Amino acid sequence: MSERGHFEEHCFVSGHTACAGCGQSMAARLVADVAGKNTIVTNATGCLEVFSTLAPQTAWGTPWIHSLFENAAAVASGVEAALIHLGKLDSIRVISQGGDGGTADIGLQALSGMLERGHDILYVCYDNEAYMNTGIQRSGLTPFDAHTTTSPRGTHSSGNPKQKKPLVEICAAHHIPYAATASVGNPRDVQTKVKKALDIRGPKFIQIHVPCPLGWGSEPVDTIKIAKLAVATGLFPLVEYEYGRLLRVTKLPSPKPVEEYLKLQGRFKHLLKNAAELKKVQEVAQKNIEYYGLNSKA
Amino acid sequence: MKQFLEGSWAFADAAKLCRPGVISAYPITPQTHIVEHLAQFVANGELNAQTINVESEHSAASVVLGSQACGVRSFTCTSSQGLMLMAEVVFNIAGMRMPILMICANRALSAPINIWNDQQDSVSLRDSGWIQMYAENNQEAVDLVIAGYKIGEKPRVMLPVMVCVDGFILTHGMEVVDMPTQEEVDQFLPPYNPPYKLDVEKPLSLGLLGGPDVYIETRYAIQKTMEDVLTILPEVGDEFKKKFGRESVRLIEEYRLDDAEVALVAMGSVCGTIKDVIDELRQKGQKVGLLKIVTYRPFPEAAVNKALAKVPYVGVVDKNISLGATGALYTEIKAACSHDKKISGFVMGLGGRDITKNSIESVFSQSKEKVNSCTFVDLHNDLLWEEFRV
Ligand SMILES: Cc1ncc(C[n+]2csc(CCOP(=O)(O)OP(=O)(O)O)c2C)c(N)n1
Ligand SMILES: [Mg+2]
């Protein structure tokens with residue numbers, strides 16, 4: 001296989017060093033392939049950047065730039081400004097991407113600036129629910145009761161005491177044209193949403209839920225199954241906002257009990273024999289279902 | 001054409017003449033007037049650029065990194081806390097070999113918060129891989145901006161350039177400046193055409209993970225390039241002089257050094273005061289002179305050594321302090337000179353404390369009396385603990 005031939009087919013190619021079953025690498029390929037060749041990508045520091053561009057190799061078939069952990073949205077703003085100056089923004093798309101930490105925590109300010117200024121950029125957050133690149137530390141998007149190395153389970157702890165930061169709402173609150181969540185468990189939905197976003201001018205945001213076998217203590221083979229269960233239990237709702245209004249959700253006529261999702265992951269194993277904590281996680285799912293009207297008839 | 005201008009206006013004009021396509025900055029005293037003027041130029045249609053009003057200096061530096069990476073000449077400017085907030089990106093820009101030009105309006109660092117001038121901000125980032133030049137007056141600053149782009153953008157160089165101007169003293173000072181015309185600058189500074197950029201026709205990945213097997217070579221390459229800049233910069237200086245008739249673009253300036261018995265070494269606007277004092281002391285028969293450091297990075301060690309070769313007593317004026325050691329320039333002058341030379345270090349002007357002619361005179365005489373590596377000048381004893389008083 002010629003190297004070029006490889007890039008002819010995909011904009012993000014295999015041969016990189018992601019772990020087996022890495023949800024983020026699958027989602028990144030889905031995004032890159034929908035976006036196509038006429039795209040410039042800016043990437044935050046994190047697993048995706050590290051496993052895809054170990055010098056002198058790269059997995060990227062589109063122009064791609066990594067600067068730092070918290071500035072991908074600002075670098076993208078500069079790329080977009082340059083494309084306007086060069087008169088090329090009509091034909092070239094800009095995508096900025098980062099992990100949950102790089103987006104919801106340390107990069108939130110730069111992201112908010114990018115959204116507020118109205119740049120024509122799609123920002124994609126690959127949400128694997130912790131700082132994975134540095135060894136599974138808690139982030140603002142780590143779910144309730146998940147064990148991480150900085151929110152460990154113990155005799156006085158049942159894991160992360162906080163719930164996920166409402167990132168998509170924070171972005172939608174900027175009244176941008178499009179803000180959505182998606183899951184690598186539903187690749188067609190991911191691609192539909194990315195395509196929809198890229199057809200809109202202005203700032204767009206998509207948060208994609210991506211299981212991390214190493215960080216979540218799950219089997220690589222279960223990545224897609226686990227991603228689907230997060231949606232099916234109501235723990236990761238799939239929603240779409242336009243100009244600040246919630247317009248569409250993926251309905252759950254009969255949500256699954258959260259145990260089905262939790263039991264496949266080592267990060268939650270301490271909950272399985274703890275009825276009180278299990279109940280709390282079930283309540284998190286229930287709140288989501290009610291908040292977004294996931295089980296209401298459309 | 002000669003014009004009587006506020007410094008910031010002149011610097012903004014100089015930046016405009018270089019035709020940057022993207023400008024991004026965040027307001028901080030005493031840099032603000034520069035960005036305000038540039039914004040007005042764009043608003044008036046006098047400059048075809050995108051101005052991106054970001055939410056922080058970290059993002060300002062990141063925006064110009066992104067735009068420069070697309071092959072568009074970019075400009076930013078900041079001061080003090082802003083430069084500190086940018087610091088992470090400042091190193092990153094140099095590592096990525098993006099020849100952005102920044103004006104740093106030099107200001108003290110907090111705490112205590114202080115908006116007045118010293119050079120602690122830019123000196124603290126001397127190790128970042130940026131070419132650093134310090135202007136004595138507004139004319140020099142204008143010239144260094146125009147030449148700075150040309151130097152940084154040379155395919156052999158591809159390094160960012162920081163033009164340092166003393167806050168308030170230069171940024172808010174009114175001076176006559178000979179402003180080049182657009183035509184002259186266009187003849188001198190060709191459009192930016194980098195050897196690598198983000199381009200969908202020729203996709204490249206920039207900013208890769210560089211492990212132990214490649215990292216040190218990237219540093220070595222910058223180090224060797226900095227050595228080259230010691231030759232390239234004076235060459236551009238010669239071109240500049242041919243075109244504009246001024247000698248501003250250089251590594252060092254020697255002022256009445258030939259037969260000097262005592263010389264001060266300094267950077268920036270204080271050199272003007274020192275020159276005045278020298279002229280007065282010379283009239284009284286004292287053999288005094290000045291070595292002005294224009295280019296601080298790369299450090300012109302050989303030129304410094306040569307310029308001071310015959311001067312027995314040297315006093316180094318630092319508007320910064322490496323706390324726990326000495327002024328930064330002092331260490332480097334000391335390292336550049338032979339051991340038998342008597343070199344003293346003076347820390348002065350921090351946080352906007354006036355550097356008067358009297359202070360300079362006293363520094364000249366102290367340099368001859370006894371060698372001291374780090375003397376703070378003009379302290380208010382009443383503010384100090386008793387045992388600290390001088
Ligand atoms: C300013 C700064 N702080 C900390 C780090 C260390 N760091 C690098 S990647 C990372 C975690 C990334 O987490 P996330 O954004 O969720 O991406 P993931 O690796 O999980 O995909 C951290 C903490 C850094 N590179 N820069
Ligand atoms: Mg993560």
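Good morning. I begin with chain B, where B:Glu136, B:Glu140, B:Arg250, B:Glu253, B:Lys275 and B:Lys292 are linked in a network of salt bridges. A salt bridge here is a side-chain nitrogen of Lys or Arg within 4 Å of a carboxyl oxygen of Asp or Glu.

Before going further, a word on the basis of these values. This is a predicted model, in which local features need pLDDT of at least 70 and side-chain atom pairs count only at pLDDT 80 or more, while totals for chains, interfaces and linings use all residues. Residues are numbered from 1 along each chain as its sequence is written, chains are lettered from A and ligands numbered from 1 in the order in which they are written, and side-chain values use heavy atoms, with hydrogens and water left out.

One of its partners is B:Arg250, and the two side chains meet in a salt bridge of 3.2 Å, N to O. B:Glu253 also forms a salt bridge with B:Lys292, with the closest N and O atoms 2.7 Å apart. B:Glu253 lies in strand S10 of chain B and B:Lys292 in strand S12, residues 288–293, so this pair ties together parts that are 39 residues apart in sequence. Helices (H or I, at least four residues) and strands (E, at least two) are DSSP runs, numbered from the N terminus. Are B:Glu253 and B:Lys292 buried or exposed? Both are buried, and for B:Glu253 the relative accessibility is 11%. The terms are as follows: buried means under 20% relative accessible area, exposed over 50%, and partly exposed in between, with a 1.4 Å probe and protein chains only.

A further salt bridge in chain B joins B:Asp143 to B:Arg246, where the closest N and O atoms are 2.7 Å apart. This pair links distant parts of the chain, 103 residues apart: B:Asp143 is in helix H6 (residues 138–153), and B:Arg246 is in the loop between helix H8 (215–244) and strand S10 (252–255). B:Asp143 counts as buried because its relative accessibility is 0%. B:Arg246 is buried as well, with a relative accessible area of 14%. Over all chains, the count by this rule comes to 39 salt bridges.

I turn now to the interface. How many salt bridges are counted between chain A and chain B? The count is one: the side chains of A:Arg117 and B:Glu55 meet at 2.9 Å, N to O. Across this interface there are also 12 residue pairs in polar contact, both residues at pLDDT 80 or more. A polar contact is a pair of N or O atoms within 3.5 Å; within protein, one must be able to donate a hydrogen and the other to accept it, and residues adjacent in sequence count only if both atoms are side-chain atoms.

On the side of chain A that touches chain B, at least two residues each come from strand S1 (39–43), helix H3 (47–52), strand S2 (64–66), helix H4 (72–86) and helix H6 (108–117). Helix H4 of chain A gives the most, with 10 residues. The residues of this side divide into 19 nonpolar, 16 polar and four charged. In this division Ala, Val, Leu, Ile, Met, Phe, Trp, Tyr, Cys and Pro count as nonpolar, Asp, Glu, Lys and Arg as charged, and the others, Gly among them, as polar.

In total, 39 residues of chain A are in contact with 36 residues of chain B, contact meaning heavy atoms within 4.5 Å. The area buried between the two chains is about 2900 Å², and carbon and sulfur atoms give 65% of it. Buried area is the accessible area (1.4 Å probe) that two parts lose on being put together, summed over both.

A:Asn128 is buried at 7% relative accessibility, and A:Ala130 is buried at 3%.

Finally, the backbone. In chain B, the peptide bond from B:Ser110 to B:Ala111 is cis, with omega near 0°, and the bond from B:Ala111 to B:Pro112 is cis, with omega near -5°. B:Ala111 is placed in the loop between strand S5 (101–106) and helix H5 (120–123). In chain A, A:Asp145 has a positive phi of about 70° although it is not a glycine, and its relative accessibility of 1% makes A:Asp145 buried. Thank you.
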